[in-house]
Amino acid sequence: MVEYLQQLKGKVALVTGASRGLGRHIATALAAAGARVAVNYANAAGDAEETVRLIAANGGEAAAFCASVTEPSEVEALAARVESHFGRAIDIVVNNATGPQPMFTVEDSTWETYQDQLDFFVKAPLLLLKAVLPGMKRQGEGCIVNIGSEVVQLGNANFSSYVTAKSAMIGMTRSWASELGPSGIRVNLVAPGWIPVERHAGADTRGYAAGVPLGRVGEPADIAAAVVFLASSGAKFITGQCLSVNGGNTFGI
Ligand SMILES: NC(=O)c1ccc[n+]([C@@H]2O[C@H](COP(=O)([O-])OP(=O)(O)OC[C@H]3O[C@@H](n4cnc5c(N)ncnc54)[C@H](OP(=O)(O)O)[C@@H]3O)[C@@H](O)[C@H]2O)c1
């Protein structure tokens, strides 16, 4: 392993929505790089325990924490429980959790359909940041990685609720990076392309893959590797950036 990646040793990482999908892979990759990982979930306790088991089987340290990231009191309690469990302030937060992502025409969209997405991608990261900020400031360092999406560049039709919320994440990432940089806290965003996970089982990816310069859909490990890099000291001079991990499917922002 490259030396800078080993510098996650001893750090405490909290990954939201880590019971399956990209979150599980991000959690296991952070643990493989030496971090002690809080595996957050809201519903699937058994799946979260499976993530913990996978990490332990690989020689890592993790524990599962139930909390809905959109509920202020639960987020505050989550941060406190994680810090108390690991005996250290949280060093790394990965805002990954998502609820359902339904598609709506503009006619069928409502403020509520927008707010449902904003709750996950703006409200939840804000609640979590406020909960972990005192500890990070005390330690003089910290790292936030927001999981965005390439839909911001693609502007997918019939998906404006989700696209709008993922777009907001970019401005939020940059503003937080400017404000928190002087406290040693870095804030970046990883924007995945289509990365088939459990919920995409059976989907036909060929049409999408054909348009990707690297000729395939992504794998969860592609996203996990980008997150581990941004969390590591190899990225210690990188903040406020959006890293697209999509085989070149989009450029810019
Ligand atoms: N996969 C892709 O192709 C892709 C592409 C671009 C961007 N992304 C982004 O990547 C992130 C992960 O996506 P994914 O495809 O891995 O999703 P996923 O497989 O549907 O997993 C979602 C995770 O969020 C958790 N969750 C749901 N509601 C929650 C809540 N209220 N509080 C805490 N956790 C909650 C779920 O756990 P429980 O049900 O156990 O609570 C689950 O672990 C999302 O931000 C998504 O927008 C994914």
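Reply: Helices and strands here are DSSP runs, numbered from the N terminus; a helix has at least four residues and a strand at least two. The model is predicted. With that numbering, the elements that each supply at least two residues of the shell around the ligand are α1 (21-32), β2 (36-41), α4 (111-139) and α6 (160-180).

The ligand is surrounded by 32 residues. Ser19, Leu22, Ala42, Asn43 and Tyr162 are the closest of these. By residue class, the shell consists of 16 nonpolar, 13 polar and three charged residues.

On the backbone side, a polar atom of Ala44 is 2.9 Å from a ligand oxygen, and an N or O atom of Gly17 lies 3.1 Å from a ligand oxygen. On the side-chain side, a polar atom of Lys166 is placed 3.0 Å from an oxygen of the ligand. Taken on its own, the ligand has 910 Å² of accessible area, and the protein covers 94% of that. The space that the ligand takes up is the largest pocket.

As for annotation, an unreviewed UniProt entry lists residues 11-197 as "domain: Ketoreductase". In the model, this span is 50% helix and 18% strand. Its end C-alpha atoms lie 27 Å apart.

Methods. Residues are numbered from 1 along each chain as its sequence is written. This is a predicted model: local features need pLDDT of at least 70, side-chain atom pairs count only at pLDDT 80 or more; totals for chains, interfaces and linings use all residues. Side-chain values use heavy atoms; hydrogens and water are left out. A residue is near a molecule or strand if one of its heavy atoms lies within 4 Å of it. A polar contact is a pair of N or O atoms within 3.5 Å; within protein, one must be able to donate a hydrogen and the other to accept it, and residues adjacent in sequence count only if both atoms are side-chain atoms. Accessible areas come from the Shrake-Rupley method with a 1.4 Å probe; for residues, only the protein chains shown count as cover. On a 1 Å grid over the protein atoms alone, a cavity is a set of points where a 1.4 Å probe fits but cannot get out, and a pocket is an open set with protein on both sides within 12 Å along at least five of seven lines; lining residues have an atom within 4 Å of a point. A molecule sits in a cavity or pocket if more than half of its atoms lie within 2 Å of its grid points. Ala, Val, Leu, Ile, Met, Phe, Trp, Tyr, Cys and Pro count as nonpolar, Asp, Glu, Lys and Arg as charged, and the others, Gly among them, as polar. UniProt positions are given in the numbering used here, feature names are shortened, and annotations may be inferred rather than shown by experiment.
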